[in-house]
Amino acid sequence: MNKNKLYRCYQLFLAWFIVGFSCLPARAFDIQTVISKNGIEAWLVEDHQVPIFSMAIGFKNISPDPADKLGLKSFSMSVIADAAGDKNYLAFQQKLEELGIELSARSGHDNITISVRGLSKFRSQTFDLIRDVLVAARFDDADVERTREQYYSYFRRLQESPAAIASQNWDKMFFANHPYGRPLYGTAETIARITQADLKDFAKKNLNRRHMLVVVVGDITPSELADLLDKTFNQLPVADGVSLWDTPVLNKTGLFYQPMRSSQTAIVFGHAGISRKDPDYMVGYVLNEIMGAGGFSSRLMQKIRVENGLTYGISTTFYSLNYAHLLLGSLTTAAENTDRVIELIRTEWHKMGEEGPSQAELDLAKTHLIGSFPLRFDNTRSTASALLGLRLIGYDKDYVTHQRQQLIEKITLNDAKRVAKRLFQKENLFFTIVGPTKPQSVK
Amino acid sequence: MTRILLRLGRLVSIFCLVFTGQSVLAQTVSNPTPLDFQIETFVLSNGLQVVVMPSNRAPIVTQMLLYRVGSADEESGKSGLAHFLEHLLFKATKNYPVGFYDQQIHRVGGQMNAFTTQDYTVYHQTVASNFLELIMQLEADRMENLIIEEPGFSAEKQVVREEIRQNHIDPPSSQLYSMMQAVLFLHHPYGRPVIGWDHEVNQLTAQDALEFYQRWYAPNNAILMIIGDVKTDQVRLLANKYYGHIPAKSNLEPLNRLSDPPLNMPRRIDFNSDKNQDFRWQRFYKIEFAKKTDSIPAELLAEILGGNSNSRFYKRLVIEDKLASSVSAYLDTSYRDYAVFSIYVTALRRENYDKIEQIINQEIDAIKNTPVTQEEIQRAQTSVDNAIIKSRDDLTNLGEYVLIGLATGWQLNDLQTWSTKMRMIDAKTIQLHAQQFLKLENAVTGTLSPKLTVE
């Protein structure tokens, strides 16, 4: 290898690096707060270069599904944008198509998100249709039944994937009887029980302005938006919600194996993470990057894929719900490698807990997490949905423009080592395994 | 369905581009109207074609480097080599050690990936625009300086074989897809999977990969696309600086791919798998267009038959007869030598296959016998017009579409006039296309069902 050339590249690279990030945030984020006459508030990022806008609407504090009607929240959101007002499915879908509107709604465990992309020339009609969806969705029988069949098809396909089953098993066993452990999309039995009235009722109760957050990005001015906010959201009810969630106990450990006829074994592993409210949260986030979220640069990818060729991909995620925080990973590997992979994961976990990362790893992860942030904001749709995601967690504008970067920048190697010791607990790992042969590590 | 709209959108959106001519010296377009995109192209002296789509909406830039080589260019018996080589490009070069490339891009917050198809291989990175020079330098370096060595080669082979297991052996739908492609293309190399057959991948050597690299990776066999917050002059400067010195290869032989004989009979595969749970019915038609632009009426035909929830198939199978939970049809024009018109149906149950097939055949006969309505054409054209505007929100997708078009035989000005041509298409043309191309003797029909167990 030509050392000279390598050095030149580094030099060049460092020079760019220093000029690099100083000018980014200001250009990438100019977030305004728009408040309508009736007090409905939204974040707005104006961009008039393309005659398009996107809107992301979130509703927080969604209650758990009733145990006998699992999948209700998801099912309800799958049907809500099918038909509304005086238009049945075909008429409504035709209208969306004619006006070039992309519209989708979904519910997670904690939040509902509705996302829209439309054309400036049909701006007012687009907001009218959104209003109809929010306050006058039809939930026609035919639409409910068709969607129900799509759920059945989804459940059948889920059973074809070892990775999906391993992941469902992990949630189910780790969260025990807590609602987070129940399948978000329900099961064939519970979906069969859900009625049209249930779906309507869910939408009516949960599309609640008190828990609503709105982000709009694109070709729209603050005054135009203010008028449209009233027109679109004014009819939604305002009610105090009661949270029905318990805080789960997260202490399941060990290994669970389920047989399946496949050539590979799927493995899901993890344990509790760190709460977003905890001052160590951001340190944990950076450590997760070093362990498994940083693509090729991460330790697990290096060890298990690059060095040993044991998988096509392995990754971890630092995952937060309102009432639980996880450090979760997954991969698939040839069945005969299962024990070896589990051992390698445990070893890496142990090493990270004992020694923490190196200064070089920490620096790399920090600059990556700072530098990659603006890439989330490259079109109106991704910008609206990324900003809504941050709002739903409770972050403010200052977090987006400055605070996030500062929180990452100030992490020291000592912080990282201290939190690594706290976070990476080899003996707390819980593994679920789905594949053709039972690994020896499963007793 | 969204996929189809998106595809249509991406294709027609080329209409908005302002094209300045495929000359060595590009001219900058002045005063683009709000609906226009700039696209500029020039060719380096070593034959590298450079295409630039500038936009300053976000301080981000994407580089895509496409080599005009894919799995259809592999020697028989060495399936999977093009894709395997793609993996190896993320290893060492003469100048930089293993891991250097990823680390540099990772450090600046960038994203990178690559993909291989039958006809081309694409490497791409997205970074803050300040780092354009870095990614151009790294990409140019691996155009000429790749090193393939142990133990990286053997480990990477295992990675590829895990990829085959994960995405092609275990999912039953992938198995059906591979088999249908193999039967649709009996002789042409499109009949073998891009990722390769596992037993052949297992035999590939470092020497195979190196020879393939040395033969095909050259500036005069590549297209460089830069999209985003850049100026064309800056790109020209950097392209010359980093790619300009790489010698052209004179031994790039014209690709001599086998072509299929006329098959003259419908084929079918019914696959009952114990790994499978759902009920799928699907059909692929192989289409050979005399010229690329002949595909335009067939795109509208796909839209009218199965492009959305108001399409003929969807109304019949999902809404009226309730035999299926979803159906879609689309035309894949991203191949160089053929196009594939495909129909995918998710049946509610196994017993519905016969009726589904009957209705699909009826609807296709109907469109052959009676011209589609003016309203249907109008609707398809409107949705395409809307998609044109929306495609401008995702410039990287648009750029990728132009790039793939150029690599599969489209001329830039044909892409540019796509939408004008699309608007002139009448019911008669669509009818003729249905008659000419949707013939059962050019098609393979497949079903995928759970294994029937005898208790």
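1. The model is a predicted one. In the contact between the two chains, 77 residues come from chain B and 75 residues from chain A. About 6,800 Å² is buried between chain B and chain A, with carbon and sulfur atoms giving 55% of that area.

2. One salt bridge joins the side chains of B:Asp394 and A:Arg117, at 3.3 Å from N to O. Across this interface of chain B and chain A there are also 34 residue pairs in polar contact, with both residues at pLDDT 80 or more.

3. Which elements of chain B each supply at least two residues of the side that touches chain A? The helices are H3 (100-107), H4 (132-144), H5 (152-169), H11 (312-320) and H13 (374-391) of chain B. The strands are E5 (111-116), E6 (121-128) and E11 (339-347) of chain B. H5(B) provides the largest share of this side, 10 residues. By residue class, the side of chain B that touches chain A has 26 nonpolar, 26 polar and 25 charged residues.

4. Within chain A, the domain assignment gives domain 1 as 28-233 and domain 2 as 254-435. The C-alpha centres of these two domains of chain A are 28 Å apart. Contact between them takes in 42 residues of domain 1 of chain A and 37 residues of domain 2 of chain A. The area buried between domain 1 and domain 2 of chain A is about 3,400 Å², and carbon and sulfur atoms give 74% of it.

5. How many salt bridges are counted between domain 1 of chain A and domain 2 of chain A? The count is 2. A salt bridge in chain A pairs the side chains of A:Arg391 and A:Glu41, with 2.9 Å from N to O. Polar contacts across the interface of domain 1 and domain 2 of chain A amount to 13 residue pairs, both residues being at pLDDT 80 or more.

6. On the side of domain 1 of chain A that touches domain 2 of chain A, at least two residues each come from strands E1 (32-35), E2 (41-46), E3 (52-59), E5 (112-119) and E6 (212-218) and from helix H7 (162-174) of chain A. H7(A) gives the most to this side, with 9 residues. The residues on this side of domain 1 of chain A divide into 23 nonpolar, 13 polar and 6 charged.

7. As for overall form, chain A contains 17 helices and 11 strands. Its radius of gyration of 24 Å agrees with a compact globule, because a globule of 443 residues would have a value near 22 Å. Along the principal axes, the C-alpha atoms of chain A fill a box of roughly 65 × 55 × 40 Å.

8. The whole structure has 58 salt bridges over all chains. Among the salt bridges is that between the side chains of B:Arg142 and B:Glu139, at 2.8 Å from N to O. B:Arg142 and B:Glu139 are 3 residues apart in helix H4 of chain B, so about one helical turn separates them. Helix H4 (132-144) of chain B is also one of the elements that each supply at least two residues of the side touching chain A.

Note on methods: Residues numbered from 1 in each chain as written. Chains lettered and ligands numbered in written order. Predicted model: local features only at pLDDT ≥ 70, side-chain atom pairs only at ≥ 80, totals over all residues. Heavy atoms only, no water. Contact = heavy atoms within 4.5 Å. Buried area = accessible area lost by both parts, 1.4 Å probe. Salt bridge = Lys/Arg side-chain N within 4 Å of Asp/Glu carboxyl O. Polar contact = N/O pair within 3.5 Å; in protein donor to acceptor, adjacent residues only side chain to side chain. Helix = DSSP H or I, 4+ residues; strand = E, 2+ residues; numbered from the N terminus. Nonpolar A, V, L, I, M, F, W, Y, C, P; charged D, E, K, R; others polar. Domains from an automatic or database assignment. Rg over C-alpha atoms; globule rule 2.2 N^0.38 Å.
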